[in-house]
Amino acid sequence: MIFKWIFLIVFILLVFWLLKRLKPKQKLSYDMPAEIVEDMVRCAYCGVHHPQSESISENGQNFCCTRHQQLHLQH
Ligand SMILES: [Zn+2]
């Protein structure tokens with residue numbers, strides 16, 4: 001009968017320990033939204049900042065749209 005209680009206490013402590021370990025990981029993901037994590041780049045033609053995923057890269061320079069890329073190459 002006593003072993004049943006010892007097992008129950010150990011099980012509860014194990015659950016609390018696991019919850020304590022999992023909590024900081026969840027907090028980190030909430031503190032860093034995707035838009036802050038993503039790098040911002042500057043358009044070489046107009047100078048507007050925009051996310052790197054939306055930019056057009058050529059020869060180490062970033063552009064906000066294909067039109068600005070073409071205009072920059074013409075000059
Ligand atoms: Zn631009």
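Reply: Happy to! Helices (H or I, at least four residues) and strands (E, at least two) are DSSP runs, numbered from the N terminus; contact means heavy atoms within 4.5 Å. This is a predicted model, where local features need pLDDT of at least 70, side-chain atom pairs count only at pLDDT 80 or more, and totals for chains, interfaces and linings use all residues. Residues are numbered from 1 along each chain as its sequence is written, and side-chain values use heavy atoms, without hydrogens or water.

Let's look at helix 3, which runs over residues 66-74. Its buried residues (under 20% relative accessible area, 1.4 Å probe, protein chains only; exposed is over 50%, partly exposed in between) are H68, Q69 and L71. These sit on the same side of helix 3, because they cover an arc (of directions from the helix axis to the C-beta atoms) of only 165°. Turn to the other side of helix 3 and you find R67, L73 and Q74, which are exposed. Strand 3 (56-58) and strand 4 (61-63) are among what covers the buried residues of helix 3.

Now pick out H72, also found in helix 3. H72 is partly exposed, with a relative accessible area of 24%. Beyond its neighbours within four places in sequence, H72 is in contact with A44, Y45, Q61 and F63. Between H72 and C43 there are 29 residues in sequence, yet their C-alpha atoms are 10.0 Å apart in space. C43 itself counts as buried, because its relative accessibility is 0%. By contrast, C46 is partly exposed, at 37%.
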